[in-house]
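The following note sets out numbered remarks on the model shown below. Please read each remark alongside the coordinates.

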Amino acid sequence: MGFIVPPSCNCGRSEKRENGNKRHRYIIHVHLLRSYSSRNGTSQSQSLSHSVRAQLPSSPGGVLILTKDDGNAKSAAMREYLEIIQSESDVSEMAIVRDVLYACQGIDGRYVKYNEDADGYMIDESIRVPKSTRTLVRRLCEVGWLYLRVKNHISESLENGPLEAIGTVGQAFCAALQEELADFYRLMAVLESQVHHPIPLMVGADSGNSVGNYLSLRRLVVWLGEPLVRMRLMAVLVDDCKTLRGGAMAGAIHMHAQHGDSLVRTFLRRLLRQVSSPLFEMVRRWVLEGEIDDYYAEFFVSAQSVKAEALWREGYQLQTAMLPSFIPEPLAQRILRTGKSINFLRVCCSDQGWAQAASEAVAAAGASASGGILGYGEIEVLEALVAEAAGRIDKHLIQIMYKRYRFPEHCLAIKRYLLLGQGDFIQCLMDLVGPELAQPANTLSSFKLSGTLESSVRASNAQYDDGDVLDRLRVRMMPHNDGDRGWDVFSLEYNAREPLTTLFTEVVMGKYLKVFNFLWRLKRVEHALCATWQTMKPNCMIARLWSNKEGGGQSQLTIVLRRCQTLRNEMNHFVTNLQYYIMFEVLEYSWSNFLEEMEEAHDLDELIAAHDKYLGSILEKALLGERSQLLCKTLFSLFDLILRFRGLADRLYENAREVQTRGDPSSRSRVKSDTLSKPRPGQRKLSTTQLSGDFLGTLGEEMHGVAVEYSSLLEGFIAQLPVQQHVDLKFLSFRLDFSEFYTRQHMSTSTPPIRLHRTPTKVQKPSIGTDPA
């Protein structure tokens, strides 16, 4: 606002200074008038305008003359301003402040009440108050709205709801909220003591210099600033944690604590110390005592009712949904394993040595047994305690497994008997049990086979083994179908007792049985080829004897015998190199690695992992894994073909002996009495030429078919080895095809068939000899 002074006014400097002071004083009045007019309208400010103009001196000619007023002008203006303010408000500020304090505690006041439509506390619409006051009251009453949400959650959780629904962590959360509300109640008590002090501005100029502890709306904004922030945080936590419990609730609060505001961070950390205290007590009891003090399923370790043999693998599991975010998962896994070790020692091993190890761990970690210093923000202390307890308890457990229960000795026994490492015992067992296993499977007796097993033990160096180990070795007859022989159902098993069943589970022993059946079949093939060689060796004289004589039958016998020896040598080359690969490259190498990993194992999980890796390596390298099924099927077809060749060879040499017997003059009488005089039903007496020529022609064709099929299967088997993922199988390919003979030979090429000259006489084919089992 500007003021115009006429230029014709001749005043001195003193008059100008005085007039300037007067003008400054009245400018304040005019500004006050303008601000009030803009806020309340022209009609409401007319009285103040007239009162100000009445105090301004006037001069004729329309010139405004500024005169000095007395000292009570300011007080008069303030009184008039307050009168105007009071005239447009139906209630005093003291009454509104009092109702605001009630609303902050969830209580409806006389003027400030809860409005359901607006979902908050506000001044009744029928009461006339300035708009700024109404807005300020709504802002202050947000504390009461938040307070009701927090209080209702506490009431619903502790008073109305069951304890199973919230658990101990939920109770600790409600207790922490109640402590914060208790601080809020104390603040409200202090503010209520000040609300009765009159506001100096509202009692006039007489108390204008009073600066007592009065409470106004603007002062209340300052008082409730920090409580509003805390109440907002508590309301947010209440909404987020309604459906959470246990470690999940503590983790959710921890995520809110990752805040840049130091006030928010400090408040939430103080809250978390109380909320997470039940969890840290559960951790302490689990790590040091092996007990789960969890009645409401809040702990991140859960227990299941299982058998003793499945206690370690299935008895205790880590519940990631209940794992707080401030506990890393590796630390949680170590916590889980430490408690499992204690329970395994107590339940499966009947050992109490873990208690001493736990006490030493507490002393080494510097933590009290009561767990007083374990809490939120002390993760380093928790890690130190868990590391000490896990190291000592796991070490004690490994010593118990190695020394008391002799786990390495049992692994060695399984290697020697189930993996055929005890060569003399396996050879003796193969010799003794072979005739019985040639019988149909449904005619075998497990008791008789068990006696044969004991005889094999006594006849070999296995008799000097530990008696406890030999007692665990038993005969097992697998389920059989019609037409199966004893070779198809016979197997050995090793009876592992607790607590070794934790490592030698049914699944693991099933894998050992699979390896045994494969090795037993390979050993049977080798035994069959050795038996064929034993049959061939004394009959080599036959080939040399008949090679100097003339005649078609004798010439055919020499050719077939030579072809049989060649095919047998080829099969023996394959079986010998395959057996060398299995026994040395697979079993011995895997065993050596297993011994190293067994020495480096620090806990039972590492020991189980090392044993599973050892067994898995054997399965993969021995072509028994899932990725080698086609190769294994081809290998078994080769085994069946070799056993079929052994039957043909037995028939061939039986025929050769009969031909020799008939051609020998010194034994003709015995032949007549034993063979020719007692022909089988349906057979005719044949001459030596007829018998040899007709039989050798048929046998030669069968042997040619075996040779062609064997060559095809072997070439296919060798061709698949280089594409296998395991590198050791490539070395097997090199051993089998070191001269690249099979590589150059195409699968379509085969050995030319043996063309034999037959006698024109048509006779019935005799059935000399029978196929072996």
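1. Of the 773 residues of the protein chain, 46% count as buried, a class defined by a relative accessible area under 20%, with exposed meaning over 50% and partly exposed in between (1.4 Å probe, protein chains only). The model is predicted: local features need pLDDT of at least 70, side-chain atom pairs count only at pLDDT 80 or more, and totals for chains, interfaces and linings use all residues. Residues are numbered from 1 along each chain as its sequence is written, and side-chain values use heavy atoms, with hydrogens and water left out.

2. The secondary structure of the protein chain amounts to 30 helices and eight strands, taken as DSSP runs (H or I of at least four residues for helices, E of at least two for strands) numbered from the N terminus. Among contacts in the protein chain with a separation of 6 or more, 75% come from residues 24 or more positions apart; contact denotes heavy atoms within 4.5 Å.

3. Helices α12 (residues 277–289) and α16 (residues 379–404) pack at an angle of about 15°, their axes being 10 Å apart. Axes are lines fitted to C-alpha atoms, for helices over the stretch in contact, and angles run from 0 to 180 degrees between N-to-C directions. α12 is therefore roughly parallel to α16, the term for angles under 35 degrees. The contact involves Phe280, Val283, Val287 and Leu288 of α12, together with Ile379, Leu382, Leu385, Val386, Ala389 and Ile393 of α16. These residues divide into ten nonpolar, no polar and no charged; nonpolar covers Ala, Val, Leu, Ile, Met, Phe, Trp, Tyr, Cys and Pro, charged covers Asp, Glu, Lys and Arg, and polar the others, Gly among them.

4. Lys415 lies in helix α17 (residues 407–417). Is Lys415 buried or exposed? Lys415 counts as buried because its relative accessibility is 10%. The side chains of Lys415 and Glu588 are joined by a polar contact of 2.9 Å, that is, a pair of N or O atoms within 3.5 Å; within protein, one must be able to donate a hydrogen and the other to accept it, and residues adjacent in sequence count only if both atoms are side-chain atoms. Not counting residues up to four places away in sequence, Lys415 touches Leu420, Gly421, Glu588, Trp591 and Tyr614.

5. Asp465 is located in the loop between α19 (446–458) and α20 (467–472). A polar contact of 2.9 Å links its side chain to that of Tyr417.

6. Thr535, in helix α22 (residues 506–536), is partly exposed at 22% relative accessible area. Thr535 and Glu654 are 119 residues apart in sequence and 9.3 Å apart in space, C-alpha to C-alpha.

Methods:
Parallel < 35°, antiparallel > 145°, perpendicular 65-115°, else oblique.
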